[in-house]
Amino acid sequence: MNVKRWGIMGLLLAIVAILVVGKPGEPVQAAEKTYTVGTDVTFAPFEFTDKNNRQVGIDIDILKAIAKVEGFKLNIKATSFNGAVQELQAGQIDGVMAGMSITKERKEMFNFSDPYFKSGVVMAVAKNSKIKGFADLRGKRVAIKTGTAAGAYANSIKKKYGFTTVTFDDSNNVYQDVIAGNSAACFEDKPVIQYAIATGLDLRITKMKLADPNNYGIAVQKSDPEFLATLNRGLKKLRQTGEYDRIITRYLGNGSQKEQTEKAKAAGSTDHSFGTLLKQNWGTLMSGLQETLALTLVGIICATIVGVLMGLLGVVPSRWAQGTATTFIYLFRGLPLMVLALFIYTGVPMVIGTKIPAFVAGIITLTLNEGAYTAAFVKGGIGAVDKGQMEAARSLGLPWGRAMRRVILPQGIKIMIPSFINQFIITLKDTSILSILGLLELTQTGKIIIARNMQGFKIWAMVALIYLIIITLLTWLSNWVQRKVQA
Amino acid sequence: MTTRIEMKDVHKRYGANEVIRGVNLKVEDNEVVVLIGPSGAGKSTVLRMMNGLETTTAGEILIDGVDIARPHVDIDKVRENIGMVFQHFNLFPNMSVQKNVTLAPVELGLMSQADADAAALRMLDTVGLADKAEAMPKTLSGGQKQRVAIARALAMQPDIMLFDEPTSALDPEMVGDVLEVMRKLAAQGMTMVIVTHEMGFAKEVADRVVFFEGGEINETGTPEQVFDHPQSPRLQSFLQKVLQA
């Protein structure tokens, strides 16, 4: 390989390195410690986004207040309740504050701060539902949210009362399932559903007395007593200064239905026309798109480099090289993208003991998965070049590598171009799966907006439209390149 | 006379199937040896073994004294000296005729691009295609392609040339041009090994004719001996079939 080619390769790698490493790196000041705390996307009034797409809620405000009085830098990361718990287990984040009930099981895994909120479990049903008690649930389905105390309670009594449960990742889906009539009822933490109903949710809380009240706490890793002490100290100060009460009142008021309805009206916009929604969420959607494009671009570059190298390895006349390529393709083409993403992001850090930023984990996932597909068609494309070409080049005295580079590859690449274009488009679409890592890309952005305004149809239509526009542009660009190359 | 190619008890096996069964063959300097025989007799395989395109199961293949059947031999160095012409030409379709011819000498650092270009034009002139230097291979006829392939092999200035059925894929009216070029090479004293079904040509240019049958050399001799006084019944029946056709 000549110097110029190596230069270009090096430059590409450098760009990738900068994009990958540069992304999660916030300037770290020696004096101020930064803590990353995971939370849920929507668990109003504890965490949700307001109409200006700012993260707000009781948990968020308390955390920010603690950070202020204790003097540390705070990084709030909204994934999902389950995702956040797994990230904490994996050591990817320092704590979880997401309306998390303190339970015996959880105490075995994490340390909890002093309780900061007393909650309880309630059962909610559709407005016109005839269900009055557990006995009416026999043979029916109950919607719950993963990892919640309400969910655990529902599961603990479902055998006794003969109902089944269905589990969702966020509250919105739980409520919609009941409204749609798929589930007869849902079990939810009391303040959460109270707030949701107050802000327009079409459900009704039954008068059933359910499980004992449970306490919410902030979970931290057992190995981090320093952060735990900081949180408890901060909570205490907030209670002493009255800041704690101010925050609770800000969201729950004096608890009256009327006041909550007023609050809801003030917080949310009522105009839900397509144009207004688009205008309101334009900035959020565009920042999501930006992240999607960043993931796609870096993902395509890395996957192409790895895929081409692996594909080439697959045609090198060496059993070892071909075995490596075959194994790579088999393994990473065989794994579902989501499993691979979770494995890398929440599985691997538990073993290696180092955090992997979500963006990097996403890129590694794309590189391995899309790289495996790329390797397969690179290998196939080279194999599709007439065998006589290699023989002719070799019989002229060209070594294998040069024959490959000067004679076989230029012909193979032409064969591969349609596959490359196809793979680029697939990569763009596959970035949506990385929303599972809490990356604020286009799909996750859509989820968050919908969690706030419940306008699923219109927002998903917008998200779909944006994907289609980008894919159309990408296709045009690819076709243009294809014409240039094959001319 | 110096021996350029020497095969000593060469075998090749695919599993239990032995396709070459102990071939002994010598090619002297400036000699033109023609390999004939029915399809599947092993003549092409033996030819391809002479520049390492086929592996050898057992035996020695000495090229100017170097055994290329050994592992780890610098086969690329040996190949620089041996030109090969294929039945299906195998021109590089993504390069012009001239680029096809200059690729190897330039890539291997034997010539500058300018020198190679000049040499390529001379080489194309000897095969009668000087006006096609800028053409792409797909625009050429079969006979023209094969002559370019010969020019490409000659550009490495080899002193041995291997021809693997060079006219089998050509329309009959194209065969003459290619044979003419080969005739010229033979007259210039090029050491040549040719696998062909052109018996008339074999008779005319060969110093020695080798008849293959069932992975073995069945009979060998001068063209007169082989074509006019064949000894083995196998050769006799082969010639009868071929010459009748």
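Reader: Which side chains meet in a salt bridge at 2.8 Å, N to O?

Author: Side chains of opposite charge can pair when their charged atoms come close. A salt bridge here is a side-chain nitrogen of Lys or Arg within 4 Å of a carboxyl oxygen of Asp or Glu. In this predicted model, the side chains of B:Arg208 and B:Glu31 form such a contact. B:Arg208 lies in strand E9 (residues 208-213) of chain B and B:Glu31 in the loop between strand E2 (17-28) and strand E3 (32-36) of chain B, so the pair ties together parts 177 residues apart in sequence. Helices (H or I, at least four residues) and strands (E, at least two) are DSSP runs, numbered from the N terminus.

Reader: Is B:Glu31 buried or exposed?

Author: Buried means under 20% relative accessible area, exposed over 50%, and partly exposed in between (1.4 Å probe, protein chains only). B:Glu31 has a relative accessible area of 11% and is therefore buried.

Reader: Which residue forms a salt bridge with B:Arg4?

Author: The partner is B:Asp64, with the closest N and O atoms 2.6 Å apart. This pair also links distant parts of the chain: B:Asp64 is in the loop between strand E4 (58-63) and strand E5 (66-67) of chain B, and B:Arg4 is in strand E1 (residues 3-14) of chain B, 60 residues apart. B:Asp64 is partly exposed at 40% relative accessibility, whereas B:Arg4 is buried at 8%.

Reader: What is the N to O distance between B:Lys8 and B:Glu60?

Author: Their salt bridge has an N to O distance of 4.0 Å. B:Lys8 belongs to strand E1 and B:Glu60 to strand E4 of chain B, 52 residues apart. B:Lys8 is partly exposed at 34% relative accessibility, and B:Glu60 is partly exposed at 34%.

Reader: Which residues are linked in a network of salt bridges?

Author: The network links A:Lys387, A:Glu391, B:Lys12, B:Arg48 and B:Glu54. Over all chains, a search of the whole structure finds 30 salt bridges.

Reader: How should I read chain B as a whole?

Author: Chain B has nine helices and 10 strands, and buried residues make up 54% of its 245 residues.

Note on methods: Residues are numbered from 1 along each chain as its sequence is written. Chains are lettered from A and ligands numbered from 1 in the order in which they are written. This is a predicted model: local features need pLDDT of at least 70, side-chain atom pairs count only at pLDDT 80 or more; totals for chains, interfaces and linings use all residues. Side-chain values use heavy atoms; hydrogens and water are left out.
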